Amino acid sequence: MLRQFSTFARSKRSSPVARASFVRPVAASFAARRWASSTRYTIEHEWITYDDETYIGTIGITDYAAKSLGDVVFVELPNPSDEIATGDTIGSVESVKAASDIYAPVSGTVEEVNTALADQSSLLNKSPEQDGWLCKIKLTRPTEFDGLLTAEAYKAHCEGSED
């Protein structure tokens, strides 16, 4: 009886159907968990989406910041290959209401900047957390990412700022 059970169990574990039904939910939940945890925020209203396989972080300003600024008319960005440290000013945004510095949420080297913003600064108003990204950096200290605010903590921060 034991021999038959172990042969049956092995055949069930190794069948493609059994493997697929076991693996898919785990892989899907891992992917959703990884995506949800790959974006963090600062109290200065910057966001960073981090890819832990390439060590590249994409930085931008939040929707909250874009709405607070009003219509953006000019964006100053860092230069590719600039070395930046957490808290450094990496650029600025000028709007009809105000000018605001952009701070580095993490340390690293600027790999790329969003050149579309030179001609279309309004992307920051239309799509601040998608097409209006500012720059991509290669993180030199990936653990700094973990110290930033989660989406829930950032939302609570913003709600506290409105009081």
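**Surface patch, confidence and side-chain pairs**

Modeller: In this predicted model, Val 73, Phe 74 and Val 96 make up a nonpolar patch on the surface, and together they have about 290 Å² of accessible area.

Colleague: Where is Val 96 found?

Modeller: Val 96 sits in the loop that runs between strand E6 (89–95) and strand E7 (99–103).

Colleague: Does Val 96 count as buried or exposed?

Modeller: Val 96 counts as exposed, because its relative accessibility is 61% and the cut-off for exposed is over 50%.

Colleague: Turning to confidence, what pLDDT does the protein average?

Modeller: The average pLDDT is 82, and 76% of the residues score at least 70.

Colleague: Which elements have the lowest and the highest mean pLDDT?

Modeller: The lowest mean, 40, belongs to helix H1 (residues 2–14), and the highest, 98, to strand E8 (residues 108–113). Over residues 1–36 the pLDDT is below 50, and this stretch has 7 contacts in the model beyond near neighbours in sequence.

Colleague: On to the rings: how many aromatic pairs does the structure hold?

Modeller: There are 2 aromatic pairs. One of them is formed by Tyr 41 and Tyr 154, which are stacked, at 4.8 Å centre to centre and with 15 degrees between the planes.

Colleague: Which parts does that pair tie together?

Modeller: Tyr 41 belongs to strand E1 (residues 39–41) and Tyr 154 to helix H7 (residues 151–161), so the pair ties together parts that are 113 residues apart in sequence. Both Tyr 41 and Tyr 154 are buried.

Colleague: And why is the pair of Tyr 50 and Phe 145 tilted?

Modeller: The ring planes of Tyr 50 and Phe 145 stand at 40 degrees, with the centres 5.1 Å apart, so this pair is tilted. It links distant parts of the chain, with Tyr 50 in strand E2 (residues 46–51) and Phe 145 in helix H6 (residues 143–146), 95 residues apart. Tyr 50 is buried at a relative accessible area of 10%, and Phe 145 is buried at 4%.

Colleague: How many salt bridges does a search of the whole structure find?

Modeller: The search finds 2 salt bridges. Lys 67 and Asp 63 form a salt bridge with an N to O distance of 3.1 Å. Both residues lie in helix H3 (residues 63–69), 4 residues apart, or about one turn of the helix. Lys 67 is exposed at 61% relative accessibility, whereas Asp 63 is partly exposed at 29%.

Colleague: What does Glu 144 form a salt bridge with?

Modeller: The partner of Glu 144 is Arg 141, and their closest N and O atoms are 3.5 Å apart. Arg 141 is partly exposed, with a relative accessible area of 48%.

Notes. Residues are numbered from 1 along each chain as its sequence is written. This is a predicted model: local features need pLDDT of at least 70, side-chain atom pairs count only at pLDDT 80 or more; totals for chains, interfaces and linings use all residues. Side-chain values use heavy atoms; hydrogens and water are left out. Patches are made of residues with over 30% relative accessible area and no salt bridge: like charges are joined within 9 Å, nonpolar side chains (Val, Leu, Ile, Met, Phe, Trp, Tyr) within 5 Å. Accessible areas come from the Shrake-Rupley method with a 1.4 Å probe; for residues, only the protein chains shown count as cover. A salt bridge is a side-chain nitrogen of Lys or Arg within 4 Å of a carboxyl oxygen of Asp or Glu. Helices (H or I, at least four residues) and strands (E, at least two) are DSSP runs, numbered from the N terminus. Buried means under 20% relative accessible area, exposed over 50%, partly exposed in between (1.4 Å probe, protein chains only). pLDDT is the predictor's confidence in each residue, from 0 to 100. Contact means heavy atoms within 4.5 Å. Rings of Phe, Tyr and Trp (its six-membered ring) pair if their centres lie within 6.5 Å; planes under 30 degrees apart count as stacked, over 60 as edge-to-face and the rest as tilted.
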